[in-house]
Amino acid sequence: MNLIFLGPPGAGKGTLAAKAVEILGLPHISTGAIFRSAIAAKSPLGLKVKAIIDAGKLVDDETTIELVKERLAQADAQKGYILDGFPRTIPQAEALAGFSAVNKVVNFDIPDTGVLERLGGRRVCRKCGHNFHIIFDKPKKDGVCDHCGGEVYTRDDDREEAVAKRLEVYRSQTAPLIDFYRNKGLLIDVDARPAVDEVVINFKKAMGV
Ligand code: AP5
């Protein structure tokens, strides 16, 4: 099964994807996570995208499409995938249709107020990428990941100005994908407002698993 996770920044796509990996046994492919690893490694890709991502803007379509095309060609993605954060523009969605057939698109639905609360308190493990939240899901020891002992930090693009930009970019460039996929009969809406366990239940119901 080839699945896309769609939704505004901070909707909980990454958090749910980590659960969905266990439920569906599919690899989680996050373009944001790939870019953050490249930035941490100071690779040519990382150096190219760092300022763009920190400002809350989108990386150009050509770079992103090529990256996803290569990733989906890898062995683990042949049984299916959970694609989180791609596509984010209509040209990305059209390009994806040319190299992979999407089965379902899960739209995580949440108002801006919920997003601001989630992004404002998000903390992320630098080593394994696990998401924490200072109110909803605190690490047991301050600043240390429960899962791998890595350093827990605040993403540069979770600063207030960058979040405002990300929301604006989401509305203008990514939200049109909701109708794009609804018109193709692929969209499933999931209420992303409740606590994680309830969102998991909503997700399983919507997927029929
Ligand atoms: P990306 O990493 O994809 O960022 P995003 O889409 O903005 O999504 P987030 O990671 O911010 O949020 P999320 O929905 O995964 O929420 P999370 O689960 O973390 O992309 C980053 C950047 O890379 C982009 O801005 C862009 O520059 C670039 N990029 C990436 N893909 C691109 C593309 N295709 N084209 C161009 N550029 C691209 O949850 C958030 C917080 O809430 C966490 O603290 C979590 O613990 C908490 N939480 C989650 N669910 C719940 C819940 N149900 N109840 C309470 N708390 C919850």
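Helices here are DSSP runs of at least four residues (H or I), numbered from the N terminus, and T31 is found in one of them, helix 2. This is a predicted model, so take the briefing as a tour of what the prediction shows.

**Helix 2 and its buried face**

- Helix 2 covers residues 31–40, and its buried residues are T31, G32, F35, A38 and I39.
- Looking down the axis of helix 2, those buried residues fall within an arc of 125°, so they line one face of the helix.
- What do the buried residues of helix 2 pack against? Their partners are strand 2 (28–30), helix 3, helix 4 and strand 3.
- T31 has a relative accessibility of 2%, and it counts as buried because the cut-off for that is under 20%.
- Setting aside residues up to four places away in sequence, T31 touches T64, L67, V68, D84, G85, F86 and R88.

- Just after helix 2 comes K42, with a positive phi of about 55°, even though K42 is not a glycine.
- K42 sits in the loop between helix 2 and helix 3, the latter being residues 44–54.
- Is K42 buried or exposed? Its relative accessibility is 64%, so K42 counts as exposed.

**Helix 5 and the way into it**

- In the loop between strand 3 and helix 5 you'll find P87, and the peptide bond from F86 to P87 is cis, with omega near -5°.
- At the start of helix 5, a side-chain oxygen of T89 comes to within 3.1 Å of the backbone nitrogen of Q92.
- Helix 5 itself runs over residues 90–99, with Q92, A93 and L96 buried.
- These three cover an arc of only 100° around the axis, which means they sit on the same side of helix 5.
- Which exposed residues are carried by the face turned away from the buried side of helix 5? They are A97 and G98.
- The buried residues of helix 5 pack against strand 1 (2–6), helix 4 (61–72), strand 3 (81–84) and helix 8 (176–182).

- I134, I135 and F136 make a nonpolar surface patch of about 320 Å².
- One of them, I135, lies in the loop between strand 6 (131–133) and strand 7 (152–153).
- With a relative accessibility of 61%, I135 counts as exposed, because the cut-off for that is over 50%.

**A buried loop residue, A11**

- A11 belongs to the loop between strand 1 and helix 1, and helix 1 spans 13–24.
- Despite that loop position, A11 counts as buried, at 2% relative accessibility.
- Which residues is A11 in contact with, leaving aside neighbours within four places in sequence? The answer is F108, I110, R118 and A192.
- A11 and G46 are 35 residues apart in sequence, and their C-alpha atoms are 25 Å apart in space.

Note on methods. Residues numbered from 1 in each chain as written. Predicted model: local features only at pLDDT ≥ 70, side-chain atom pairs only at ≥ 80, totals over all residues. Heavy atoms only, no water. Patch = residues over 30% accessible without salt bridge, like charges linked within 9 Å, V, L, I, M, F, W, Y side chains within 5 Å. Areas by Shrake-Rupley, 256 points an atom, 1.4 Å probe, with all protein chains shown as cover. Salt bridge = Lys/Arg side-chain N within 4 Å of Asp/Glu carboxyl O. Helix = DSSP H or I, 4+ residues; strand = E, 2+ residues; numbered from the N terminus. Buried < 20%, exposed > 50% of the residue type's maximum accessible area, 1.4 Å probe, protein only. Arc of directions from axis to C-beta. Contact = heavy atoms within 4.5 Å. Polar contact = N/O pair within 3.5 Å; in protein donor to acceptor, adjacent residues only side chain to side chain.
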